[in-house]
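Please look over the sequence and the three-dimensional model shown here before reading on.

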Amino acid sequence: MADTHDTLERWTGGGVTAERDRAIRVASLRYFDPMRGEARVAPVLGCALPAAGRLERQRLPGGADPFALLWRSPSETWVLAGTPAPIDALRRGLGPNEEISLVDQSGGIAGIHLAGARALAVLQRLGSSRSIPRVGEARTGRFADVVVTVAGWQADEYLLLVERAYCAHLLDWIRETLADL
């Protein structure tokens, strides 16, 4: 079934813009032991896994392709990228092993950029203030009554990550909230 908001990509209101990011790729790194997982990931990506609750923006060795690592839980980190290169590098570099797995979730997780002077106010209306991250943090909570992971991208800019099945619902709530501003 097609996404009902395929043509509705961007809303602006009250000094805030919400825009669906169709280019974002999301992969989950899952591991039982964070230290051993990091030992496998660091040589490939050139960086450590993020600390609890953190979002770390990086570039592949050589500086070509930016990506971000987002802490999800003690046994899971998400890789966010605008190109396939970081995820492909991990797939090649990790190879088959039992210590860490890479699960590409790009088709199942949607990204929405929320930016502007009142972006924080929109998030506060949609969910709990305790689930809203500061810059460089990542938090998961309920927004518009669905589970959303929010990355504090930079001042007044957030990246909302939601299961694709709930993206239209979240976008509708954001659109209505923007209309109220």
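The model is predicted, and its local features are described where pLDDT is at least 70.

**Strand pairing**

Strand E3, residues 25–31, has 5 of its 7 residues buried, so E3 is largely enclosed by the rest of the structure. E3 pairs with E6 in the antiparallel sense over 6 bridges, and E3 is also joined to strand E7, residues 100–104, by 5 bridges, again with the two strands running antiparallel.

E5 and E6 form a hairpin in which 2 residues lie between the strands, and Leu-70 stands opposite Trp-78 in E6. E5 pairs in turn with E4, antiparallel and over 5 bridges, and here Glu-56 has Leu-69 of E5 as its bridge partner.

| Strands | Sense | Bridges |
|---|---|---|
| E3 and E6 | antiparallel | 6 bridges |
| E3 and E7 | antiparallel | 5 bridges |
| E4 and E5 | antiparallel | 5 bridges |

**The largest pocket**

Which strands each supply at least two residues of the lining of the largest pocket? They are E4 (55–59), E5 (66–73) and E6 (76–81), and E5 gives the most, with 3 residues. The largest pocket holds about 220 Å³ of space. Its lining is made up of 15 residues, and those that lie nearest its centre are Pro-66, Leu-80, Ala-81, Gly-82 and Trp-153. By residue type, the lining divides into 9 nonpolar, 4 polar and 2 charged residues.

**Helix H4**

Helix H4 covers residues 167–180, and over its 14 residues the distance from the first C-alpha to the last is 20 Å, close to the 20 Å expected at 1.5 Å a residue. Its buried residues are Cys-167, Ala-168, Leu-170, Leu-171, Ile-174, Thr-177 and Leu-178.

How many disulfides does the model contain? The count comes to 0 disulfides, where a disulfide would require a pair of cysteine sulfur atoms within 2.5 Å.

Gln-58 belongs to strand E4, and at 25% relative accessibility it counts as partly exposed, because that value lies between the 20% and 50% limits. The C-alpha atom of Gln-58 is separated by 7.7 Å from that of Cys-47, the two residues being 11 residues apart along the chain.

Leu-49 is found in the loop between helix H1 (34–45) and E4. With a relative accessibility of 12%, Leu-49 counts as buried. Between the C-alpha atoms of Leu-49 and Val-122, which are 73 residues apart along the chain, the separation is 30 Å.

Note on methods. Residues are numbered from 1 along each chain as its sequence is written. This is a predicted model: local features need pLDDT of at least 70, side-chain atom pairs count only at pLDDT 80 or more; totals for chains, interfaces and linings use all residues. Side-chain values use heavy atoms; hydrogens and water are left out. On a 1 Å grid over the protein atoms alone, a cavity is a set of points where a 1.4 Å probe fits but cannot get out, and a pocket is an open set with protein on both sides within 12 Å along at least five of seven lines; lining residues have an atom within 4 Å of a point. Grid points are joined across faces, edges and corners, and a volume is the space filled by probe spheres set on the points. Helices (H or I, at least four residues) and strands (E, at least two) are DSSP runs, numbered from the N terminus. Ala, Val, Leu, Ile, Met, Phe, Trp, Tyr, Cys and Pro count as nonpolar, Asp, Glu, Lys and Arg as charged, and the others, Gly among them, as polar. Two strands pair if DSSP finds at least two bridges between them. The expected span of a helix is 1.5 Å times one less than its number of residues. Buried means under 20% relative accessible area, exposed over 50%, partly exposed in between (1.4 Å probe, protein chains only).
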